[in-house]
Amino acid sequence: LLDAFLITQGQSQVEGEQKDIDMLNLAGNDKDGKVEVEDSECLLKYKLIPYSRLYPFQNALTSTGSGRQALLREAYELDPELIFDYRISPLLVQALGDTYSEKADMVYTWIIWIGKPMVPLLKEGFDSNGKKDMVRRINAISAIAGENENEFYRNHLEESKKEIREAFIFALRHNQENQQLLFDLLKTEKGKLKNAVLWSLSFMEGEEARAFWDSHTFSSGSEMADLLGNSDASYIPGLLAKGLKEGAMKLLKAEEQEPGQGDSDACKKKTKQK
């Protein structure tokens, strides 16, 4: 009823010629399960969507029980403009914490698609000690806004823990001014968090970052690929090529070993142990 009242009673007026606004001009891609947005801008056109069309979608977002993901996907495919309605936007953020991770992940991709208008809603009520939904919020903000929300990442980093802290560390990759902070974190973080710091450091440019990776020792080729494979830093291709060459040389040397020598050595060691 409140929506109906505001629509019928609300009035606005500006001078000039009336022009339609394109609903959406957004370029995106989905790589390795992560959505990235490049040089995109979301422009929304106001549409009067009847409540009869909106209610089933709202209900599927907020209710409990099985089958909701299928209902949402079907509703979206039939009527995709529903996700752009201002009455739906807060419910999308709320759905990031749904107990069904598949549903939450699907809604996450919609939020990325909507773009910039979702950022204030994602930041509203953010809890640095929250659960998986807060991680999805950070990842969505990072994908949509990138370095433009660097202050948000840094302000909440210190008070955050575990997966939320890891997500903030990942988001630091967007801004080159975070390089010193990442080097500082490298001295204090451990385990998965230290790997997150290393991953973000691979996006840093400059001589200091290059020197660090030139002297860094990788435990394996797969570790090198995991830490450097997504980076767009100018020196990374050379490091990866060097690592591949060294790995190939080791394989060639192993193949040059005399047939049976390895088995013979193993037998000698086994006999000695007996």
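At 39% relative accessibility, P80 counts as partly exposed (buried means under 20% relative accessible area, exposed over 50%, and partly exposed in between, with a 1.4 Å probe and protein chains only). This is a predicted model, in which local features need pLDDT of at least 70 and side-chain atom pairs count only at pLDDT 80 or more, while totals for chains, interfaces and linings use all residues. Residues are numbered from 1 along each chain as its sequence is written, and side-chain values use heavy atoms, with hydrogens and water left out.

P80 lies in the loop between helix 3 (68-78) and helix 4 (89-95). Helices (H or I, at least four residues) and strands (E, at least two) are DSSP runs, numbered from the N terminus. The C-alpha atom of P80 is separated by 9.7 Å from that of W110, and the two residues are 30 apart along the chain.

For the chain as a whole, the secondary structure comes to 15 helices and two strands. Of its 274 residues, 37% count as buried. Contact means heavy atoms within 4.5 Å. Among contacts between residues at least 6 apart in sequence, 63% join residues at least 24 apart.

One of its residues is R136, which counts as buried at 8% relative accessibility. Leaving aside neighbours within four places in sequence, R136 is in contact with L96, S101, A104, D105 and Y108.

Two packed helices are described by the angle between their axes and the distance between the axes. Helix 7 (residues 132-145) packs with helix 9 (residues 162-171) at an angle of about 5 degrees, and the axes are 9 Å apart. Axes here are lines fitted to C-alpha atoms, for helices over the stretch in contact, and angles run from 0 to 180 degrees between N-to-C directions. Helix 7 and helix 9 are therefore roughly parallel to each other; angles under 35 degrees count as roughly parallel, over 145 as roughly antiparallel, 65 to 115 as roughly perpendicular and the rest as oblique. On the side of helix 7, the contact is made by K132, M134, V135, I138, N139 and S142, and on the side of helix 9 by E163, I164, A167, F168 and A171. By class, this contact has seven nonpolar, two polar and two charged residues, where Ala, Val, Leu, Ile, Met, Phe, Trp, Tyr, Cys and Pro count as nonpolar, Asp, Glu, Lys and Arg as charged, and the others, Gly among them, as polar.

Helix 9 is largely enclosed by the rest of the structure, because seven of its 10 residues are buried. These are I164, R165, E166, A167, F168, I169 and A171. They pack against helix 7, helix 8, helix 10 and helix 11. In helix 10 (residues 179-188), Q179, L181, L182, F183, L185 and L186 are buried. Their cover includes helix 8, helix 9, helix 11 and helix 12.

A pair of aromatic rings is described by the distance of the centres and the angle of the planes. The structure holds 11 aromatic pairs, with rings of Phe, Tyr and Trp (its six-membered ring) pairing if their centres lie within 6.5 Å; planes under 30 degrees apart count as stacked, over 60 as edge-to-face and the rest as tilted. The rings of F126 and F152 have centres 5.4 Å apart and planes at 75 degrees, so the pair is edge-to-face. F126 is in the loop between helix 6 (119-123) and helix 7, and F152 is 26 residues away in helix 8 (residues 150-157), so that distant parts of the chain are linked. F126 is buried at 12% relative accessibility, and F152 is buried at 8%. The pair of F170 and W199 is also edge-to-face, because the planes stand at 80 degrees, with the centres 5.1 Å apart. Here helix 9, which holds F170, is linked to W199 in helix 11 (residues 191-201), 29 residues apart. F170 is partly exposed at 24%, whereas W199 is buried at 10%. One aromatic cluster is formed by F126, F152, Y153 and F168.

S202 is in the loop between helix 11 and helix 12 (207-215) and is buried, with a relative accessible area of 0%. Beyond its neighbours within four places in sequence, S202 is in contact with W213, L227, L228, S231, A233, Y235 and I236.
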